[in-house]
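Please look over the sequence and the structure below before reading on. The paragraphs that follow take a few helices, loops and single residues in turn.

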Amino acid sequence: MKAVKKRVADRSIRDLLWKFLRAGVMYQGKWQETLTGTPQGGIVSLLLANIYLYKLDMYMESKYLKLSRYEHSKRRKQGQGNYLYVRYAGDFVVLCNGTKAEAHAMKEELGALLCTMGLTFSEEKTKVTHITEGFTFLGYWIIRSRGRRGTMTPKGLIPDSAMKRFQHATRGILASNSTHEATRAKIQAQNRLTRGWCQYYRSTSSPSEVFGKLSHELIWDMTHWLGRKYKISAPEVMRRYKREAGGLMTLGTNTIALVLPKIYRAKKLLARTWHNPYTAKEDIAREHLLSYNSLWHGAEDRQGWADLREEVNLLKGTTCYVCGITLHPSEVEIDHIVPRKRFKDPTEADRMKHLQPLCTSCHRAKTQIDLKVLSRVR
């Protein structure tokens with residue numbers, strides 16, 4: 001809070017942060033008091049970590065990172081290594097081109113600095129390793145190995161753990177107990193996962209091999225899900241749902257196709273000089289990261305409604321039945337001609353003869369009239 005007070009003058013904001021720090025956490029269904037530190041996983045914890053670890057950034061920048069090319073060269077001639085430092089919230093990496101003893105000495109040096117701040121290393125996550133053995137940072141496997149030209153080069157690869165998380169998330173979306181949900185909703189949910197994951201990893205070294213493997217698995221996972229849903233064989237699924245998108249064979253309906261990872265080509269990450277946004281005088285850009293915690297699995301408030309909506313668009317068109325305006329398929333709203341609550345059997349209400357396409361304004365107006373009629377009947 002003293003670190004926050006140096007930059008934030010608004011007392012109400014500081015009071016709010018203090019309440020957040022003292023609110024406690026829920027762990028395995030039980031409340032626990034937080035006497036020190038910030039709640040693990042709290043979204044404000046990342047911001048507070050950046051504020052508190054500013055001292056670490058300034059230490060590394062002033063002592064090791066701001067050296068000129070001459071000073072770097074001088075240290076190397078004296079048998080000393082140079083250092084690079086990267087931090088993201090509470091995780092950071094220090095790269096050293098010196099000896100193993102120098103790397104261990106840097107670990108001790110930073111450990112002593114953190115100790116003065118009331119912090120200690122997480123021994124489980126902290127290690128000294130050679131770059132040829134590699135390490136994981138922010139979901140990437142960083143390693144130095146032989147490249148295509150036969151020279152040693154640094155690479156950012158997709159770790160096996162990231163592949164397994166993608167496969168696990170896909171199996172959660174296409175679970176065998178979710179066949180009652182709409183096909184369109186399932187494809188939408190899977191496409192969201194695929195796009196986010198591939199965009200994050202397309203800048204790695206040669207991602208096409210991993211993307212190709214996951215594409216093959218995804219096709220078969222979707223085939224098995226459709227086969228269980230409609231109780232048909234795999235060849236019949238291919239005959240009904242085989243589509244072509246982006247020059248590749250995939251699965252889909254008349255209006256939506258399954259996005260395959262292999263449509264994403266490798267994107268070269270251009271090397272450029274980059275400055276720490278917390279120590280440099282420039283605007284800070286927010287990062288966009290993929291989170292599995294809030295991943296939509298294709299579940300709907302009304303099961304099967306996405307498929308029914310697509311069918312109405314196909315059979316009755318995209319023209320509003322009240323005002324006659326032509327709509328884009330995504331703008332069409334499906335209305336029950338007779339209010340759904342008037343039917344004893346809900347499945348009867350969802351038959352095609354009882355449905356009509358409307359625009360948003362007409363749908364709202366008709367809903368208001370239907371509600372008045374229903375209130376009078378009651």
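Two residues are said to be in contact when they have heavy atoms within 4.5 Å of each other. The model shown here is predicted.

Which residues of H9 and H10 meet? From H9 the contact takes in Ile219, Trp220, Thr223, Leu226, Gly227 and Tyr230, and from H10 it takes in Ala234, Val237, Met238, Arg240 and Tyr241. Sorted by type, the residues of the contact of H9 with H10 are eight nonpolar, two polar and one charged. Two packed helices are described by the angle between their axes and the distance between the axes. For H9 and H10, the axes come within 9 Å and cross at roughly 100 degrees. Angles of 65 to 115 degrees count as roughly perpendicular, so H9 is roughly perpendicular to H10.

Lys231 has a positive phi of about 55 degrees, although it is not a glycine. Most residues other than glycine have a negative phi. Is Lys231 buried or exposed? Its relative accessibility is 73%, and exposed means over 50%, so Lys231 counts as exposed.

Ala89 is another residue that is not a glycine and has a positive phi, of about 55 degrees. Ala89 sits in the loop between strand E3 (83-88) and strand E4 (91-96). The relative accessibility of Ala89 is 9%. Buried means under 20%, and Ala89 therefore counts as buried.

Strands E3 and E4 come up again with helix H6, which runs over residues 100-116. H6 has 17 residues and reaches 25 Å from its first C-alpha to its last, close to the 24 Å expected at 1.5 Å a residue. Which residues of H6 are buried? They are Glu102, Met106, Leu110, Leu113 and Leu114. These residues cover an arc of only 115 degrees around the axis, so they lie on the same side of H6. An α-helix has 3.6 residues a turn, so residues three or four places apart point the same way. On the other side of H6, the exposed residues are Lys100, Ala101, Glu108 and Cys115. The buried residues of H6 pack against helix H4 (54-65), E3 and E4. After H6 comes Gly118, whose phi is positive, near 80 degrees.

Now turn to H4. Its buried residues are Leu56, Asp57, Met60, Glu61 and Tyr64. They cover an arc of only 125 degrees around the axis, which puts them on the same side of H4. What do the buried residues of H4 pack against? Their partners are helix H5 (69-77), E3, E4 and H6.

A further pair of helices is H8 (residues 183-201) and H11 (residues 305-316). Their axes are 5 Å apart, and the helices pack at an angle of about 110 degrees. H8 and H11 are therefore roughly perpendicular to each other. Thr183, Arg184 and Ala185 of H8 make the contact with Ala306, Asp307 and Glu310 of H11. By type, the residues of the contact of H8 with H11 are two nonpolar, one polar and three charged.

Lys186 is also found in H8. With a relative accessible area of 1%, Lys186 is buried. The C-alpha atoms of Lys186 and Ala306 are separated by 9.5 Å, although the two residues are 120 residues apart along the chain.

The loop between helix H12 (346-349) and strand E11 (355-358) contains Met352. How many residues apart along the chain are Met352 and Val312? They are 40 residues apart, and their C-alpha atoms are separated by 7.1 Å. Leaving out residues up to four places away in sequence, Met352 touches Leu308, Glu311, Val312, Leu315 and Lys316.

Lys366 has a relative accessible area of 16% and is buried. Again leaving out residues up to four places away in sequence, Lys366 touches Asp335, His336, Ile337, Gln356 and Leu358.

Notes. Residues numbered from 1 in each chain as written. Predicted model: local features only at pLDDT ≥ 70, side-chain atom pairs only at ≥ 80, totals over all residues. Heavy atoms only, no water. Helix = DSSP H or I, 4+ residues; strand = E, 2+ residues; numbered from the N terminus. Buried < 20%, exposed > 50% of the residue type's maximum accessible area, 1.4 Å probe, protein only. Expected span 1.5 Å × (residues − 1). Arc of directions from axis to C-beta. Axes fitted to C-alpha atoms, helices over the stretch in contact; angles between N-to-C directions. Parallel < 35°, antiparallel > 145°, perpendicular 65-115°, else oblique. Nonpolar A, V, L, I, M, F, W, Y, C, P; charged D, E, K, R; others polar.
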